[in-house]
Amino acid sequence: MADTIQSILKKFRQNNQSFLIPILQSVQEKEGFISKAATERISEHLRLSKSHIYGVASFYSQFKFNPPGRHSIKMCLGTACHVQGGDFLLHALEAEIGIIPGETSEDGKFDLDRVACLGCCALAPVLMIDNTIHSRMSVIKLKETLETYD
Amino acid sequence: MTEFKAIQKKALQEWLSLQNSPYPIIYVGMGSCGIASGAGEVWEQVHKTIKKENIKAQVHKVGCIGPCYLEPFLDIQKPGLPRMSFNNVDVQRTGKLVSEFTNGTGSKHKPLGHLGPQGKQINGTRSFWDQPMLKNQVRIVLRNCGIINPENINHYIARDGFKGLLKALNHGPEVVIAEIKKSGLRGRGGAGFPTGLKWQLCRKAKGNPKYLICNADEGDPGAFMNRSLMEGDPFALLEGMLIAAFAIGADHGYIYIRAEYPLAIERLKIAIQQMNDLELLGDNILDSGFSFDIRLKEGAGAFVCGEETALIASIEGKRGMPRSRPPFPVTSGLNGNPTNINNVETLATVPAILREGADWFSGIGTEKSKGTKTFALVGKIRRTGLIEVPMGTTLRKIIFDIGGGPLKPFKAVQTGGPSGGCLSEKFLDLPVDYDSLSQAGSIMGSGGLIIMDENTCMVDVAKYFLRFTSNESCGKCVPCRIGTSRILEILEKITAGKAEVKDLEILEKLAKSVKNGSLCGLGQTAPNPVLTTLKYFKDEFLEHIENNRCPAAVCRDLVEYRVIADKCTGCQKCVSVCPTGAITGPRSEPHFLDLEKCIKCRACYEICRFDAIAGDAIEIV
Ligand SMILES: Cc1cc2nc3c(=O)[nH]c(=O)nc-3n(C[C@H](O)[C@H](O)[C@H](O)COP(=O)(O)O)c2cc1C
Ligand code: FES
């Protein structure tokens with residue numbers, strides 16, 4: 001794992017704050033979240049304090065600080081999805097998998113997050129599991145959709 | 001430039017050979033919305049079928065043509081005929097279409113329309129452009145979307161691509177700025193600032209290097225105009241950036257794009273690469289002495305980063321917090337240097353203006369709002385998708401003629417996203433332009449139009465937006481940080497049936513002080529959804545407060561679900577979907593709903609085919 005971080009950091013010049021967000025994005029893409037260890041390494045590379053890095057990372061909703069589940073669910077809570085019942089869907093989803101946004105289920109199967117909009121508003125409500133967008137979702141289709149993941 | 005003539009010639013040849021192909025050409029609509037509807041599987045099936053049946057055909061991907069509700073689209077072009085478009089195809093139908101329609105036995109498959117000229121029947125098929133959703137549109141920015149392969153620069157070049165750039169390079173920066181000023185183009189990112197004037201200010205500003213930033217953050221949740229455009233015709237944006245950079249004298253360009261748009265990012269990367277290969281980007285572009293490069297910066301999920309000063313902070317690697325203006329970015333932006341920021345649609349409109357002339361452009365639209373505007377038509381409406389209409393088109397025409405109206409009686413239309421407002425029926429004849437919308441208390445915004453009907457609760461909508469803005473408030477200034485949370489608290493009280501009438505006064509006062517006291521546009525506009533709903537839908541607020549009733553049966557605390565025993569056939573469908581096991585009962589007997597366990601997710605209500613579940617607006621005491 002240390003090597004993954006090393007190979008990411010190699011691509012960015014040292015001591016240049018403008019690389020902080022791209023670095024965080026690369027780390028999250030490779031490891032799924034921003035670990036304490038990763039923060040330490042980034043801090044050395046860019047000569048920024050760990051709390052500074054956390055301050056920037058936590059400002060943006062994209063970054064996670066907990067290990068993700070095997071599948072990541074992103075529930076769209078944009079306006080179109082809200083008007084088409086997205087709130088009800090999230091409610092049922094929380095009950096179905098037993099976690100709320102920001103958490104990972106105990107069996108490590110799913111993690112859940114909300115996003116502002118996935119850009120498929122014409123097909124609302126939508127949710128994304130890993131990289132697949134499930135459009136025109138409904139509470140009814142929820143169970144069978146979740147069952148296709150293991 | 002002679003070199004470019006050769007490039008053009010080659011591109012045209014490729015495009016014409018496609019149009020005059022002796023073999024069928026198959027196009028699959030592969031925008032994000034198409035893919036979310038299953039276009040990926042359709043794409044695979046097309047390839048499988050041609051391979052299996054040894055069909056000689058070319059396959060191309062295209063972007064979204066607009067009517068997302070009809071996705072996935074599959075177009076087949078046979079020799080001597082225009083493209084025939086088929087809608088809502090699935091894997092099975094794709095296989096049949098590809099094998100039967102291409103060899104001429106598929107006459108039973110009726111296309112939705114042909115992509116040939118409007119008003120003309122071809123082989124008994126009307127034009128795609130004559131459908132109600134399309135015939136009232138004027139497509140300037142979207143002219144290539146769904147038509148060209150967005151991953152092939154030759155398609156773009158063959159359709160007059162880069163002619164605007166050539167003109168710009170020939171006439172010089174001052175002429176370009178004068179032309180854009182004359183066209184009356186105003187920023188499509190929301191505020192409507194005159195584009196030519198912004199460019200002029202940046203050109204005149206002292207400092208080097210200068211930067212050009214394209215704002216592709218598209219923060220309005222419920223809008224996707226920029227996404228669709230970048231996926232369907234990335235080159236139009238990039239050509240617009242080249243022209244803008246040339247006009248202001250910028251050396252470096254950035255596209256700040258939200259990370260939720262992976263496909264748009266990929267298409268832009270491909271487009272940039274292809275432009276680099278043809279030396280349309282980089283050093284000494286087309287031998288003009290003008291050099292420009294473009295980098296992509298992915299946003300990290302913060303609405304406020306769409307605001308220009310916050311966006312710059314984010315590119316610099318900081319927390320995306322806005323700062324007070326002046327100084328404006330045109331004089332002191334990225335790294336303290338002059339920086340011009342424009343929205344995707346603004347920039348993508350520029351090539352057409354230079355190509356066709358400012359007079360042509362300013363002939364479209366209204367006195368103060370020129371040209372066309374794209375809108376994302378979503379929510380409770382029959383025909384959802386992306387449209388482009390002349391400025392000044394009425395809401396009624398957009399919602400009813402183009403969008404087909406809502407299924408249930410119309411209640412409201414929301415424009416401008418979290419910064420905009422909800423307009424009631426009496427505004428349906430309002431022409432959509434910058435000034436009319438702001439007079440009505442809303443804003444044009446970037447182009448999201450969300451239609452709401454009877455089943456939408458307006459208090460809930462106001463609460464939704466305030467939850468959004470209070471979450472997204474960066475926390476820097478007090479009115480916005482504290483004010484939006486306080487407004488949200490009151491709205492929560494109302495939807496829980498716990499408010500008093502005097503809370504409405506407090507609500508209005510608070511909203512006004514947040515509007516006046518906030519540092520940036522986020523806070524200054526965040527109260528708009530509340531102020532407009534309060535103004536135009538006050539009855540609904542009062543109904544929640546005085547009678548503890550939510551007329552639309554949306555507010556969870558004010559609704560209760562029950563089984564109507566007379567109607568329940570005991571089919572157990574609801575039992576199978578209930579996530580908490582709140583419904584029980586043996587087969588063929590009326591079921592029982594345990595209110596203690598019910599989380600009011602509405603699953604039973606939606607699945608019941610016998611109307612045996614009632615979602616009543618209850619009165620709580
Ligand atoms: C809170 C907030 C969010 C914004 N989000 C966006 C956005 O997502 N896209 C955009 O183009 N402009 C957005 N803007 C407007 C930009 O600050 C800026 O005015 C615009 O990008 C200028 O481009 P234009 O002149 O081409 O419209 C936002 C403004 C505010 C206050
Ligand atoms: S609002 Fe859900 S995808 Fe846009």
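The model is predicted, so local features need pLDDT of at least 70 and side-chain atom pairs count only at pLDDT 80 or more, while totals for chains, interfaces and linings use all residues. Residues are numbered from 1 along each chain as its sequence is written, chains are lettered from A and ligands numbered from 1 in the order in which they are written, and side-chain values use heavy atoms, with hydrogens and water left out.

**The shell around ligand 1**
- Ligand 1 is surrounded by 18 residues, each with a heavy atom within 4 Å of it; Gly189(B) and Gly219(B) are among the closest.
- By type, the shell holds nine polar, six charged and three nonpolar residues; Asp, Glu, Lys and Arg count as charged, and Gly is among the polar ones.
- β9 (339-343) and α21 (521-525) of chain B each bring at least two residues to the shell, and β9(B) gives the most, with three; helices (H or I, at least four residues) and strands (E, at least two) are DSSP runs.

**Side chains that meet its oxygen atoms**
- Thr346(B) has a side-chain N or O atom 2.7 Å from an oxygen atom of ligand 1.
- For Asn343(B), a polar side-chain atom lies 2.8 Å from an oxygen atom of the ligand.
- For Lys198(B), the corresponding distance is 2.9 Å.
- The protein covers 89% of the 610 Å² of accessible area that ligand 1 has on its own, by the Shrake-Rupley method with a 1.4 Å probe.

**Domains of chain B**
- The domain assignment, which is automatic or from a database, includes domain 1 (17-130) and domain 5 (559-617).
- The C-alpha centres of domain 1 and domain 5 of chain B are 43 Å apart.

Technical notes
A polar contact is a pair of N or O atoms within 3.5 Å; within protein, one must be able to donate a hydrogen and the other to accept it, and residues adjacent in sequence count only if both atoms are side-chain atoms.
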